[in-house]
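Open the model in your viewer and keep the selection panel at hand. This tour goes stop by stop.

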Amino acid sequence: MPIRQLSETMVNQIAAGEVIERPASVVKELVENALDAGASRIEVVTAGGGLALIRVSDDGAGIPVGELELAIARHCTSKLSDDIHDIRSLGFRGEALPSIGSVSRLTVRSRTASADSGAEIRVEGGRLTPVRPAGANRGTLVEVRDLFFATPARLKFMKGERAEATAAADVVKRIAIAFPAVRFTLSGTDRSTLDLLAVGDTADARLERIAQVMGKDFPENAIGIDATREGVHLGGYVSVPSFTRANALQQYAYVNGRPVRDKLITSAIRGAFADVLPRDRHAVTALFLTLDPGHVDVNVHPAKADVRFRDPGLVRGLIVGAIRQALAEAGIRPATTGAA
Ligand code: ADP
Ligand code: MG
């Protein structure tokens, strides 16, 4: 067979295989886009665990009519400066919308502040319907129906509506903790619902948002972390050993404001608690690392959940040391240490 170039739709579906694993991935990408657009209010609606419907609407900057087609084109982004090491937005790959459009029925409807009317574009399994006028409030509404209808093999891997809805809700919670000045709502026919009122962006607001997400008993059972080592700062909260979970799902971690699920951080938390918790119990945490963007690479994984630190030993040492010290200062010591 002669060498040929893959079709645009095929290329996008391959990318979707990496970026869009499940409904929660769509929610993550769309909410990140809304935040990048400066939204102060983000509404998420899901049905059928997100497989039937995901709708994310925001009151952000909107997309100019003339750019709607580019928004759903591969590798087109309004966010990337010329330096991959200096990424300030949550998105930067220009991959999410074309990937989603290649595996679902996608509608993007938007209006900028300066436009007097809105417009929308649709893609169904990679097939484009040209831009047409549509009534829209200022901001953007992205609707994703029948996720993975175009890739039945992927659809088979879904865990069931309940599990997918829970994962989608967790994505909203995880992101919401990093953006207390934004109001987030989650509703629809799936059982998980949320209404997180905007609380501002002070340190107090952050704790208030954490309480909105994790419940009021978390702050009552948590100790504060505040430590710096060689320019790397760690702030946030960890629960006391009497307030634990059977899994690590409620370990929220952020690097320069970006939600991450990173092995190094998870393992450092485990290490810090090793002496005071049984192996099958997990602390609840909300930890925020702040460091020079040049010392951390967020461009490791398409879903951007992993990060790579230039000095992993320093970060690990900081997390373990800061948590252990905070536990000790709170008078929490290993139970096995006999009274001396
Ligand atoms: P990326 O976020 O990496 O740029 P996406 O495929 O997620 O790539 O989005 C492509 C482009 O579409 C964005 O760069 C942005 O210009 C525009 N866009 C997407 N969603 C929104 C939104 N909610 N509000 C404003 N612009 C958006
Ligand atoms: Mg994006």
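**Stop 1: a helix across strands**

Select helix H6, residues 161–178, which lies across strand S1 (41–47), strand S7 (183–188) and S8. H6 runs at about 170° to S7. Axes here are lines fitted to C-alpha atoms, for helices over the stretch in contact, and angles run from 0 to 180 degrees between N-to-C directions. Two residues are in contact if their C-beta atoms, placed from the backbone, lie within 7 Å. Helices (H or I, at least four residues) and strands (E, at least two) are DSSP runs, numbered from the N terminus.

A word on the model: it is predicted, local features need pLDDT of at least 70, side-chain atom pairs count only at pLDDT 80 or more, and totals for chains, interfaces and linings use all residues. Residues are numbered from 1 along each chain as its sequence is written, while chains are lettered from A and ligands numbered from 1 in the order in which they are written.

**Stop 2: the sheet of 8 strands**

Now show the open sheet with the order S5-S4-S3-S6-S2-S1-S7-S8. Its pairing is mixed. Two strands pair if DSSP finds at least two bridges between them. Which strands form the edges? They are S5 (127–134) and S8 (194–196), and each pairs on one side only. Neighbouring strands of this sheet are turned by 10° against each other on average, direction ignored.

Zoom in on S2 (53–58) and S6 (139–145). These two strands run antiparallel, joined by 6 bridges. Pick Ile 54; its bridge partner in S6 is Val 144.

**Stop 3: ligand 1**

Select ligand 1 and its shell of 21 residues. A residue counts as near the ligand if its C-beta atom, placed from the backbone, lies within 6 Å of it. The closest are Asn 33, Ala 37, Thr 77, Gly 91 and Ala 96. Which helices each supply at least two residues of this shell? Colour H2 (23–36) and H4 (96–103) to see them. H2 makes the largest share, with 3 residues.

Colour the shell by class next: 8 residues are nonpolar, 8 polar and 5 charged. Ala, Val, Leu, Ile, Met, Phe, Trp, Tyr, Cys and Pro count as nonpolar, Asp, Glu, Lys and Arg as charged, and the others, Gly among them, as polar.

**Stop 4: two domains**

Colour domain 1 (8–196) and domain 2 (216–329) separately. These bounds come from an automatic or database domain assignment. The C-alpha centres of the two domains lie 28 Å apart. Where they touch, 13 residues of domain 1 are in contact with 13 residues of domain 2. On the domain 1 side, helix H1 (8–19) and H6 each supply at least two residues. H6 gives the most, 5 residues. By class, that side has 7 nonpolar, 2 polar and 4 charged residues.

**Stop 5: the sheet of 5 strands**

Move to the open sheet ordered S9-S10-S15-S12-S13, also with mixed pairing. S9 (222–229) and S13 (258–260) are its edge strands. Its neighbouring strands are turned by 20° against each other on average, direction ignored. S9 and S10 (232–239) run antiparallel, with 8 bridges between them. Find Ala 222: it stands opposite Ser 239 in S10.

**Last stop: the whole chain**
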